[in-house]
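Reader: I would like to learn how to read the main features of a structure, from the whole chain down to single residues. Could we begin with the general idea each time and then turn to the case shown here?

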Amino acid sequence: MKDGNYRAIAKELKAGLKAGRLFVDGEFVRARSKKKIAVINPATQELLTDIAEAQADDVNNAVASAQRAFESEEWRSMDAAARGRLLWKIGDLIEKHKTELAVLESLSNGKTVTEALRGDIPPAWDIFRYYAGWANKYHGETIPVDGPYLNYTLREPVGVVGAIVAWNYPLLLACWKIAPALAMGNTVVLKPAEQTPLTALYFAELLNKAGVPPGVVNVVTGAGQTGSLLARHPGVDKIAFTGSTETGRRILQASAESNLKRVSLELGGKSPNIVFADADLDVATQSAFRAIFANKGEICSAGSRLLVERRIYDEMVDRLREKAAALKVGDPLDPETGMGAQVSRAQLRRVLGYIELGKKEGARVAAGGGRDKSPENRRGNFVKPTVFTDVKSGMKIAQEEIFGPVLCVIPFDGPEEAAKIANHSRYGLVAAVWTRDVGLAHALARKIRAGSVWINTYNGFDSASPFGGCKESGMGREMGVHALESYTHVKSVWVALDRDVKA
């Protein structure tokens, strides 16, 4: 398909959606359950399709398929280098079908197709190419133990991985989990968010085109109950989850109550973006604006708390107000649109509820402050890009994750206060520091409790660099060599070299 005519592409894609199907054992199959979930276009409230709400029998079937594939000769005996070539081929197919995947992401999520083409799809194909290189390079070692022994370790796959992903970056988050899992020889059951399952099902077709053996990756659709069934399933050896902190707690509990499966969690954030008076204000303002209003604020790493040194506070607020007023909110398939629609009516209500709460708490609305009710947007889940000033660190809008286009601007006086405000949060996902003082930047990077700290930039991601949080932002890491640890277990092998050695 040619790039650019996104509405025509969307029309063609909608006609080919596989309503009510699951992907199990390399085939699209009808769910045994008759329950359905409607997938709605957030920008228009149009029904895109109905998906199956997988129940226990369906999840059991998918897990059994993954178990068979894991034990199969075809997958178990595949050379690591061959797995690497397979992953590279998957990456190539994602790139080849980038436009279709971006349009599907836009249709169900409400993000602009421009954002999807820039921020969702290229990192998805890149992660497969990155882990393609690791398939035959992550290995054991020999250990010089005492005595007449040869001791060596093996890195072995953990088994069946249950991947449960959020709706804000549906395909990318799935690929963050599937790529390292396959590189290490695991098999996968993917449960996409019920709001945004379209790219997962399209991706399943690409896996067949790539030649992935049947059962190595399975896709079950459904809501929270389906995810819970997967998290509790005794045939699943690891859960890799991205989503809310509350759901992460339930997954940990499910692991404890079932088979003590491994769990990695990438959860919420309320991230501080700290701007000192000596920073390049033009660059810092532009970056701070993107940090909260990209993907309509539905980003776990959103810079939702903007800490600004008091000397430049008013100037930065004025700049942000102007940029918010100029941002075009509307049709996600229009290349000129700057911000799309919130993913669902429930998320729209959540964001609007926090905006009203911020007003009641005494924060001042400098920009936006409500729903976008312009004639062309009245049917969709559109929110005006909102900037709050006069925010105190203890306010709920400064402590709780809103997951929407709502920025809290907080003044500070000096580095110590900045660090104190930054760490005044139950979350610890990311942070940023803007200053020309290199020593100060590095000192704050050490003081701030977060999984990533960016200096004079924001939202820096690369397949080779680990991503994840501390505190209530989760455990484990996505991407980089560090992610491979959670998709393998270490086996220690001892060989007696002396026949006379005593047991």
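Reader: What percentage of the 503 residues in the protein chain do buried residues make up?

Author: This is a predicted model, in which local features need pLDDT of at least 70 and side-chain atom pairs count only at pLDDT 80 or more, while totals for chains, interfaces and linings use all residues. Residues are numbered from 1 along each chain as its sequence is written, and side-chain values use heavy atoms, with hydrogens and water left out. Buried means under 20% relative accessible area, exposed means over 50%, and partly exposed lies in between (1.4 Å probe, protein chains only). By that rule, buried residues make up 57% of the 503 residues in the protein chain.

Reader: How many helices and strands are there in the protein chain?

Author: Helices (H or I, at least four residues) and strands (E, at least two) are DSSP runs, numbered from the N terminus. The protein chain has 17 helices and 22 strands. Its radius of gyration, taken over C-alpha atoms, is 24 Å, close to the 23 Å from the globule rule for 503 residues, so the chain is as compact as a globular protein of that length; the rule is 2.2 Å times the number of residues to the power 0.38.

Reader: Which residues touch the most other members of the largest nonpolar core?

Author: In soluble globular proteins, nonpolar side chains tend to be buried together. A nonpolar core is a set of buried Ala, Val, Leu, Ile, Met, Phe, Trp, Tyr and Cys residues joined through side-chain atoms within 4.5 Å. The largest one here has 116 residues, and Ile94 and Phe128 touch the most other members. Helix α7 (residues 170-183) gives the most to this core, with 11 residues. Apart from it lies another core, of 29 residues, among them Leu348, Val351, Tyr354 and Ala398.

Reader: Which residues does Phe128 touch?

Author: Contact means heavy atoms within 4.5 Å. Not counting residues up to four places away in sequence, Phe128 touches several residues, including Trp88, Ile94, Cys175 and Phe203.

Reader: Where is Arg364 placed, and is Arg364 buried or partly exposed?

Author: Arg364 lies in strand β14 (residues 364-367) and, at 41% relative accessibility, counts as partly exposed. Leaving out residues up to four places away in sequence, Arg364 touches Arg321, Val387, Phe388, Thr389 and Asp390.

Reader: What is the phi of Gln45?

Author: Phi of Gln45 is near 65 degrees, a positive value in a residue other than glycine. Gln45 sits in the loop between β3 (36-40) and β4 (47-52).
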